[in-house]
Amino acid sequence: MSIDPGTITVPDLWKGAHRDDRTRPRSRQRLLGPSSIGLCRRRAAYEVHGAWPTDLDDNMHAAILGTWLHEGILRVLAEQYGAHTELELTNGVILGHADVYWAPGGAAPGVVEDVKTKSTRALDVVVRQGPSQHEWFQVHLYAHLLRTGGLTDHPHLPTGKPLPVDAVRLRYVGREYGQVVVHQRMYDEDVTRQALAWAEDVLESAEPEAMPRDLDGPGLSIICDNCPFKTACWNIDEISDDRAPQSILAEDAVGVTDALRAYADAAEVESAAKKRKAKARKTLDAADPGTYGAFKLSWSGGNPRPPEPDPAAMIRVLEGLSLDIPMKPGGRSSRTIGVTRVPEAT
Ligand code: SF4
């Protein structure tokens, strides 16, 4: 049989993967998930109020790859080290799935662990800044639910009974190269209290719109860029293309004044910081690369560049030959904002 290989149908991996992802039960939960607590109150409120996502776009490849990787990691921890994995936990208003529970044994304490897969860039942020507050909230809430008998339906562990948790752990795994970064600390009741207070605020909200947008919005926050409620939150359907979504925050004089104050304050801080940075840069001009105290100095660039076309000389040549200079549409210049403080009346 002679078949042209180019004619053999290839099933579309990503179409199938997106269909598969949409059937996952956690995408549609109405109870508050620990992973949403501490991130953005409005987003958490959309979940609690059962709002249907407006932005389930099909460009979620990284998240799906993360899910697949995550499943493999949990399987290895369970099969190779005897960890208990994927524990459903609830107290009736919070519902979550803890990744890993390490039961205490001998000198080893009880530990609950969350595994997070990250891009190299996001992992770098964790290395430099440590886990975010909402990630610590998340593992503390898992610990709290385990400690208070929140485990439901598990093949090996007793359900509905308090389980000992002494420490919480965040294990980050790089999606590209498999780098592992671990942060762990002893369980802290205060962190749980803060997380529960945050959750209560959301649970008591009358509607999602009553909750503040805690993040800066599309184009400024990667969490907003990937938020399933982005369009509803920022009325993106109703604003014209050339307006930033954030402009809905300045639709009256009070909003404009607030934004001007924020702009002027930030510009002053930025200007002072730029001056300090410029002086420090010049001071370091002759310093050798190396580690100095808590800092590492390295240099890059400074190499000769190859010659490049000289547009001014080309124009002169064409004009000298009396030829028309080729033109393309100029578009618009970018708008420049001017913000100054009005002197106070004396
Ligand atoms: S778009 Fe951003 S501010 Fe709005 S709900 Fe989502 S995360 Fe919160």
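The model is predicted: local features need pLDDT of at least 70, side-chain atom pairs count only at pLDDT 80 or more, and totals for chains, interfaces and linings use all residues. Residues are numbered from 1 along each chain as its sequence is written.

**Domains**
- The chain splits into domain 1 (12–236) and domain 2 (252–284), with bounds from an automatic or database domain assignment.
- Their centres, taken over C-alpha atoms, lie 35 Å apart.

**Nonpolar core**
- The largest nonpolar core has 45 residues. Such a core is a set of buried Ala, Val, Leu, Ile, Met, Phe, Trp, Tyr and Cys residues joined through C-beta atoms within 7 Å.
- Buried means 20 or more other C-beta atoms within 10 Å of the residue's own, with C-beta atoms placed from the backbone.
- Helix 5 (133–147) is among the elements that supply at least two residues. Helix 5 gives the most, with 8 residues.
- Helices (H or I, at least four residues) are DSSP runs, numbered from the N terminus.

**Ligand shell**
- The ligand is surrounded by 13 residues, and Cys-40, Arg-213, Cys-224, Cys-227 and Cys-233 are the closest. A residue counts if its C-beta atom, placed from the backbone, lies within 6 Å.
- Helix 2, helix 7 (222–225) and helix 8 each supply at least two shell residues.

**Helix 9**
- Helix 9 (residues 253–283) has 31 residues and reaches 45 Å from first C-alpha to last, close to the 45 Å expected at 1.5 Å a residue. The expected span is 1.5 Å times one less than the number of residues.
- Helix 9 is hardly covered, with 0 buried residues among its 31.

Key
Buried ≥ 20, exposed ≤ 12 C-beta atoms within 10 Å, placed from the backbone.
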